[in-house]
Amino acid sequence: MLFFYFNNMHNIINDKSLVIGVMSGTSLDGIDISCAQYYIQNNKWNFKLVAYETFKYTEQIKFNLLQAFNGEYQIDKIDIDFAFTIVSYIEIFIKKYDLQVDLISSHGHTIFHDPNNGYTKQIGHGSVIANKLNIPVVSDFRQQDIDFGGQGAPLVPIGDKFLFSDYASCLNLGGIANISYTVNNNTYGYDICPCNMILNYLANKLNKDFDEFGKIASTGKIHLDLFNELNNIDYYKLDIPKSIGKELVEKNFIPIIDSYKIDISDLLSTLVEHIAFQISNDFKRSGVTNSLLSGGGAFNTYLINRIDILSKNQLIIPDDEIINFKEAIVFGFLGVLRILNQNNCLASVTGACKDHSSGNIYIV
């Protein structure tokens, strides 16, 4: 039996205890909540997924998050307000699945991410969640890494290394496409390019939340000038470690996309090709032979087909619960590592001056 101690306090959880992971991504589609047990077997970390659900955002919540990004919603206020939103969803989740939860590990929602200027902000304050639910909480995983000179992102590679080590790499096709892989026991991970964030931006112009299965994109034509201009964006010239925030997308990608007055289907087709091209390039650079896919983009049949054709890599599509909840599962694991005071943030991934154990702990 493994025992996890909360910084030498009296609260103790073990390998049978239930840990909730909470994830809200850049796609603004909702909050993913997982509940899992994390344990070591044969000197290897494992997990057992107990329950999982996505809670879709209301239009008001989406509006508030966008207002915060645009500076029209006081950041301290939405930090608290969004915490109450998280609480309301967790309460429903716990009651529905009749859970006795020992720890909550919350990514919250990243409003600002500007590591080059030493700043990031994940809203959904952990103290509010802990006090309202009377359950210990770990949150705010990024700022310490930035203080140590890192990007504060991506955070998932530590989970990929320990929980999904059977695969040569893990590719997440969320709002941002990011990859992680381990070579000679050194783990690398970084954001490749915008993904669903820009695809959904265009689908919204057709009053759709997203382009289901990439059907609209598959009917369009690739616009070579746009394709080439996107591929020449300075971000792709940077060495790793590197990460993408909404700020970079708004500044460097959206103006280029908006400057082309062509059919939405052609824009979508071109962007899918751009995403597939960048991912295939990174597969080749990293030398990985296969990749476990996750994130909403794994359901985009057209995108997956284009990656498959351009990369010749083995693309492994898992069950839907891993596609949808892998990041929430990993954030639950990051919380466990934080409670153990074990490293959950890797310098080889973020560029920080050292590996470290990140996240604020709130105990009632």
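Buried means under 20% relative accessible area, exposed means over 50%, and partly exposed lies in between, with a 1.4 Å probe and protein chains only. The legends below describe a predicted model, in which local features need pLDDT of at least 70, side-chain atom pairs count only at pLDDT 80 or more, and totals for chains, interfaces and linings use all residues. Residues are numbered from 1 along each chain as its sequence is written, and side-chain values use heavy atoms, with hydrogens and water left out.

View 1. Helices (H or I, at least four residues) and strands (E, at least two) are DSSP runs, numbered from the N terminus.

**View 2. The largest nonpolar core, around L173 and I279.** A nonpolar core is a set of buried Ala, Val, Leu, Ile, Met, Phe, Trp, Tyr and Cys residues joined through side-chain atoms within 4.5 Å. The largest such core has 46 residues, and L173 and I279 touch the most other members. Helix α10 gives the largest share of this core, 9 residues. Contact means heavy atoms within 4.5 Å. Leaving aside neighbours within four places in sequence, L173 is in contact with C195, N196, I279, S294, G295, G296, G297, A298, L303, I304 and I307. A second, separate core has 37 residues, including I31, L99, V128 and Y362. In soluble globular proteins, nonpolar side chains tend to be buried together.

**View 3. A buried lysine, K326.** K326 is in helix α12, residues 320-339. Its relative accessible area is 2%, so K326 counts as buried. Not counting residues up to four places away in sequence, K326 touches V156, D160, F164, C170, L292, S294 and E321.

**View 4. Two cis peptide bonds.** Most residues other than glycine have a negative phi, and most peptide bonds are trans. The bond from A153 to P154 is cis, with omega near -10°. P154 is in the loop between α4 (143-147) and α5 (157-163). The bond from I240 to P241 is also cis, with omega near 5°. P241 is in the loop between α8 (224-231) and α9.

View 5. F213 is not a glycine, yet its phi is positive, about 60°. F213 is in the loop between α6 and α7 (215-219). With 41% relative accessibility, F213 is partly exposed. K312, another residue other than glycine, has a positive phi near 65°. K312 lies in the loop between α11 (301-311) and β13 (314-316). With 68% relative accessibility, K312 is exposed.

View 6. A disulfide is a pair of cysteine sulfur atoms within 2.5 Å. A search of the whole structure finds 0 disulfides. C345 is in no disulfide, and the nearest cysteine sulfur, that of C353, is 11 Å away. C345 has a relative accessible area of 2% and is therefore buried. C35 is also buried, at 0% relative accessibility.
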